[in-house]
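Here is a short note to read alongside the structure. Please keep the view open and find each element as it comes up.

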Amino acid sequence: MVANVLLFASWADALGPSVRLELPEGATVRHLLDAMTARAVGKSLPKPLVAVNHKYARADLHLRHGDEIAIIPPVAGG
Amino acid sequence: MRAAIVDRPLDPASLLAEVATPASGASTLFVGTVREVNEGRVVTGIDYSAYGPMAERELASVVAEARERFGTERIVVEHRIGTLRLGEASIVIAVSHARRAAAMDAQRFVIEEVKRRLPIWKREHYADGTREWVDPTRAPHVAEVR
């Protein structure tokens with residue numbers, strides 16, 4: 001499957017506002033994080049969480065075609 | 001209840017007026033503002049950015065949870081995004097409740113959950129002209145207590 005992944009803050013500065021990733025069918029959030037970490041090699045970015053369809057997602061969640069996927073660097077609201 | 005992410009200056013008094021009612025014994029108003037020094041560096045301003053749809057959703061969840069825990073519908077929160085100057089308000093939380101302790105506890109719950117969960121980021125501008133994204137997980141004061 002092709003995933004269009006939204007990026008924010010330091011991750012967006014380093015890699016742009018979004019990236020397209022080719023992932024195997026049945027890929028999980030863990031697979032996505034591994035693929036994104038590979039993209040970020042040498043860029044010194046903070047460890048992120050992943051959101052799927054506007055909710056924080058566990059590492060074992062299976063991604064589905066059409067999901068809205070986002071990389072969430074450490075948040076600093078308030 | 002009302003929760004919003006906005007890109008205009010905040011007006012704390014209007015949020016307080018929005019929650020206050022004769023049934024209330026207490027109303028609390030929390031105003032988070034841009035501070036001039038962070039981790040020893042002189043700050044001149046902050047850019048706040050958000051993952052808008054998710055931030056709105058999380059903020060609405062936080063407010064709904066506060067209503068369940070503390071028993072009041074009278075909670076209003078606005079978080080501002082965009083470029084803020086020193087002293088400007090980034091977040092305003094107004095809570096009204098029959099009892100003061102519950103009003104204060106609800107307000108504390110909302111600000112702590114906002115800081116923990118809302119997908120909002122801030123990039124500080126420093127006096128030396130540099131800018132950096134704030135990462136609370138790497139702040140020296142966090143490292144010290146680990």
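Predicted model: local features only at pLDDT ≥ 70, side-chain atom pairs only at ≥ 80, totals over all residues.

1. Start with chain B as a whole. It contains four helices and nine strands. Their order along the sequence is β-α-β-β-β-α-β-β-β-α-β-β-α. The radius of gyration of chain B is 16 Å, close to the 15 Å that the globule rule gives for 146 residues, so chain B is as compact as a globular protein of that length.

2. Along its principal axes, the C-alpha trace of chain B spans about 50 × 35 × 25 Å. Of its 146 residues, 33% count as buried. Among contacts between residues at least 6 apart in the sequence of chain B, 75% join residues at least 24 apart.

3. In what order do the strands of the four-stranded open sheet in chain B lie? The order is S1-S5-S7-S2, and the pairing is mixed. Strand S1 (2–6) and strand S2 (26–33) of chain B are the edges, each pairing on one side only. From one strand to the next, the twist averages 5°.

4. Within this sheet, look at strands S5 (residues 75–80) and S7 (residues 89–97) of chain B. They run antiparallel and are joined by five bridges. Val77(B) is found opposite Ile93(B) in S7(B).

5. Two helices of chain B pack on the sheet. Helix H1 (residues 12–19) of chain B touches S2, S5 and S7 of chain B, and its direction makes about 20° with that of S7(B). Helix H3 (residues 100–117) of chain B also touches S2, S5 and S7 of chain B, but its direction makes about 150° with that of S7(B).

6. Turn now to helix H2 (residues 29–39) of chain A. Which of its residues are buried? Val29(A), Leu32(A) and Met36(A) are. These residues cover an arc of only 55° around the axis, which puts them on the same side of H2(A). An α-helix has 3.6 residues a turn, so residues three or four places apart point the same way. On the other side of H2(A), Asp34(A), Thr37(A) and Ala38(A) are exposed. The cover over the buried residues of H2(A) includes strands S1 (2–6), S2 (18–22), S3 (49–52) and S5 of chain A.

7. Last, the contact between the chains. Chain A gives 14 residues to it and chain B gives 23 residues. On the chain A side, helix H1 (9–15) and strand S5 (69–72) of chain A each supply at least two residues. That side of chain A has 10 nonpolar, four polar and no charged residues.

Conventions
Residues numbered from 1 in each chain as written. Chains lettered and ligands numbered in written order. Contact = placed C-beta atoms within 7 Å. Nonpolar A, V, L, I, M, F, W, Y, C, P; charged D, E, K, R; others polar. Buried ≥ 20, exposed ≤ 12 C-beta atoms within 10 Å, placed from the backbone. Arc of directions from axis to C-beta. Pairing = 2+ DSSP bridges. Axes fitted to C-alpha atoms, helices over the stretch in contact; angles between N-to-C directions. Rg over C-alpha atoms; globule rule 2.2 N^0.38 Å.
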